[in-house]
Amino acid sequence: MDDFKRFDMNIPPRRTKWYLRPITILISLPDVIKHKVRITKNGMDSIKPPYILLCNHNAFLDFKVATKCIWPSTANYVVAIDGFIGREKLLRNVGCICKRKFTNDMTLIRSLKTTVKNGDIAVIYPEARYSLCGTTAVLPESLGKMCKLFGIPVVTLICHGHHVNSPFWNLHDRGVAPTEAEFSLLFSPEDLKNLSVDDINRRLVERFQYDDFKWLKDSGFRIKYKKRAEGLHKVLYQCCSCGKEYRMTSEGTKLFCRSCGKSWTMKEDGSLSADEGETRFSHIPDWYEWERANVRDEVEKGTYSTGELEVHVDSLPNADRYIRIGNGTLVHDKNGFKVRVTDKDGTVREMVRAVPSLYSCHIEYEYLGKYGDCVDLNTLEDTWYVYPHGEDFAVTKMALATEELFAAHRKSSGKPIIPGIL
């Protein structure tokens, strides 16, 4: 395992090769046209590169809309390492910068400085993962510091409709059209000079507020897809009727609890309706936030724990391929993540991410359509994809707990908390 080469994070970012630039727009335009994306520009008339472009993150369509918005300017895009698998040379040549998720990586700052020095656009998705239910994920505290450090215009691209078109829990394209995007100046260099980091972060949170399910209902578009609820139980893992966890399932347009038998129908406008009795949550994000509140209560009482889960672990030290390390155990509790795995040589390896080191984490549902649910944990040199076995877990709950544990740690340390920033 130690003999595998590591991804070289120190290679400076490349400007997009001239012969690939037209290909990027040609690949992007068909979906932009298909979804009739309505792009509204605000304050952009006099803005030229270099600038920082911060985008919300709901689906792969985000990248295509960003390409349309900035064309024909040149950009470097921050991309997670799993996006590089089997195509490192191509992604480097189109201007991608590799990042291991939720790590403090100073090489990224150096790479972005190169982007700015080249007079290009630094494209960043600060939520660092697809939204789980079409609402804003937490933003890193370092975001405001980075904006102030660079002192160049900060532009945002907030897209609406991409989650409900192809949700993280069921990627089938529902053909939502038109979708919308707001391409707007948020900070001028003068603004950044005069504002504190906290004020910058507060305005970033304000700009990043979105709710795709509310947008869908207000838009009047109706989703006819017959399997529109399938996979939703990955997000809504706790029954809001009986309170049982890990007993939810879904099929077609239905969401079910296998414990109490209650069922809901996901309507064409994206809302939920109980088939019998009270509809406690018709709005999917409200159910999700109820789950978060329950996790927060466990964290505050000191009772949160996954227990010891059996897992298998794949490693991604470079962009070549996943490497099976072996089987082991995962515990996530008030101390953070601890994974112990025995490799084929009998050596016990550990991945430990203590609470103060991880403000959020990345999860996957049915990863790549065949590997199952997982949580991926990163160091600067490796990424572990940890796959729990059995039914008594939800990676969604682990993600929520990671954020709530970090928030509780900040609070106990006397550090100020800005809502939406961790």
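Predicted model: local features only at pLDDT ≥ 70, side-chain atom pairs only at ≥ 80, totals over all residues.
K338 has V352 of β15 as its bridge partner. Strand β14 (residues 336–342) pairs with β15 in the antiparallel sense over 7 bridges; two strands count as paired if DSSP finds at least two bridges between them. Helices (H or I, at least four residues) and strands (E, at least two) are DSSP runs, numbered from the N terminus. In this hairpin there are 5 residues between the strands, and G346 takes a positive phi near 85°.

Residues are numbered from 1 along each chain as its sequence is written, and side-chain values use heavy atoms, with hydrogens and water left out.

## Helices α1 and α2

The axes of α1 (residues 21–34) and α2 (residues 61–70) come within 8 Å and cross at roughly 115°. Axes are lines fitted to C-alpha atoms, for helices over the stretch in contact, and angles run from 0 to 180 degrees between N-to-C directions. The two helices are therefore roughly perpendicular to each other, a label covering 65 to 115 degrees.

On the α1 side, the contact (heavy atoms within 4.5 Å) is made by T24, I25, I27, S28, L29, D31 and V32. From α2 come L61, K64, V65, T67 and K68. The contact residues divide into 6 nonpolar, 3 polar and 3 charged.

## A four-stranded open sheet

Another piece is an open sheet of 4 strands, in the order β8-β9-β10-β11 with antiparallel pairing. β8 (248–251) and β11 (272–274) stand at the edges with a single partner strand each, so one side of each is left without a neighbour in the sheet. The twist averages 25° from one strand to the next.

β8 and β9 (residues 254–257) pair over 4 bridges, with T249 opposite F256 in β9.

## V299 and its partners

V299 sits in helix α10 (residues 284–301) and is buried, at 13% relative accessible area. Where does the chain come back to V299? Leaving aside neighbours within four places in sequence, V299 is in contact with Y304, E404, L405 and A408. The C-alpha atoms of V299 and A408 are separated by 7.7 Å, though the two residues are 109 residues apart along the chain.

Technical notes. Parallel < 35°, antiparallel > 145°, perpendicular 65-115°, else oblique. Nonpolar A, V, L, I, M, F, W, Y, C, P; charged D, E, K, R; others polar. Buried < 20%, exposed > 50% of the residue type's maximum accessible area, 1.4 Å probe, protein only.
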